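Here is a walk through one protein model, from its charged pairs to its core. Keep the structure open and follow along.

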Amino acid sequence: MTPPATARVLVTLDEHLARAAADRQGALWKLAERGRALDANVVRLPPGAGVAEHSDDVLDVLLVVLDGEGTLGTPAGTEPLAPHAVVWLPRTSRRSLTAGERGLVYLTAHPRRPGLTVAAAAPAAAPVPAPPADGGEPPCALNRVCAGCGRLCGERDARFCARCGDALPG
């Protein structure tokens, strides 16, 4: 029999953020408890930085601005972000974030993505044609794979992961 879970304080964000180096960016804190059904991150974007326009087809995300300021971009326009703003990012919505002159620190929370599973191999598909002689190999996208959560970022110029806020490699 599994014992019931125990509620507890994980972090005091004021203290944690005060200890983080002023120039540190990306994910400053992540919920990492075993057996959780929720993911949460505290992300810092430096002044002028942003998260390129993207959408998530699976999860709704709740975003709470903790410090700084910036803008939320949507197909309908932009909305200002200031401390204590609570933003709902419904699944399938197109959105971007841009930090203002003071940077932007925010918390995101969303259901944890289901883990990868091993399934039976799909039926064989038609063979992939060889690339044209002048085309070479397809480009490597490893610089767009987040080391923190494994998400492949669809935007070629993304600097931060849209899911967890970690800086992308290269």
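Is Glu53 buried, partly exposed or exposed? At 42% relative accessibility, Glu53 is partly exposed. Here buried means under 20% relative accessible area, exposed means over 50%, and partly exposed lies in between, with a 1.4 Å probe and protein chains only.

First, the ground rules. This is a predicted model, where local features need pLDDT of at least 70, side-chain atom pairs count only at pLDDT 80 or more, and totals for chains, interfaces and linings use all residues. Residues are numbered from 1 along each chain as its sequence is written, and side-chain values use heavy atoms, leaving out hydrogens and water. The pLDDT is the predictor's confidence in each residue, from 0 to 100. The protein averages 84. Of its residues, 81% score at least 70.

Now the layout. The protein has 1 helix and 7 strands. Along the sequence the pattern reads α-β-β-β-β-β-β-β. These elements are DSSP runs numbered from the N terminus: helices are H or I with at least four residues, strands are E with at least two. Confidence is lowest in helix 1 (residues 13-19), at a mean of 88, and highest in strand 5 (residues 77-81), at 98. Of the 170 residues, 33% are buried. Contact means heavy atoms within 4.5 Å. Among contacts between residues at least 6 apart in sequence, 64% join residues at least 24 apart.

Back to Glu53 and its partner. The side chain of Glu53 forms a salt bridge with that of Arg94, at 3.2 Å from N to O. The pair links distant parts of the chain, 41 residues apart: Glu53 sits in strand 3 (residues 50-54), Arg94 in the loop between strand 6 and strand 7. Arg94 is partly exposed, at 35% relative accessible area. A salt bridge is a side-chain nitrogen of Lys or Arg within 4 Å of a carboxyl oxygen of Asp or Glu. Side chains of opposite charge can pair when their charged atoms come close.

The whole structure holds 3 salt bridges. One of them joins Glu33 and Arg8, with the closest N and O atoms 2.5 Å apart. Glu33 lies in the loop between strand 1 (26-30) and strand 2, and Arg8 in the segment before helix 1, so this pair ties together parts 25 residues apart in sequence. Glu33 is partly exposed, at 29%. Arg8 is exposed, at 54%. Another bridge joins Asp39 and Arg36, at 2.8 Å between the closest N and O atoms. Asp39 is buried, at 15% relative accessibility. Arg36 is partly exposed, at 22%.

What about a charged residue without a bridge? Arg95, in strand 7, is buried yet has no salt bridge. The nearest side chain of opposite charge, Asp56, is 5.2 Å away. Lys and Arg count as positive, Asp and Glu as negative; His and the chain ends are not counted. Arg95 does have polar partners. Its side chain meets that of Ser93 in a polar contact of 2.7 Å. A polar atom of the Arg95 side chain also lies 3.2 Å from the backbone oxygen of Pro90. The side chain of Ser93 reaches that oxygen of Pro90 too, at 2.6 Å. A polar contact is a pair of N or O atoms within 3.5 Å; within protein, one must be able to donate a hydrogen and the other to accept it, and residues adjacent in sequence count only if both atoms are side-chain atoms.

Ser93 belongs to the loop between strand 6 (86-89) and strand 7 (95-111). Ser93 is buried, at 19%. In that loop lies Thr92 as well, with a positive phi near 75°. Most residues other than glycine have a negative phi.

Finally, the core. A nonpolar core is a set of buried Ala, Val, Leu, Ile, Met, Phe, Trp, Tyr and Cys residues joined through side-chain atoms within 4.5 Å. The largest has 16 residues, and Leu45, Leu63, Leu81, Leu97, Leu104 and Tyr106 touch the most other members. Strand 2 (38-45), strand 4 (61-74), strand 6 and strand 7 each give two or more residues to this core. Apart from it lies another core of 7 residues, including Trp29, Leu31, Val42 and Val105.
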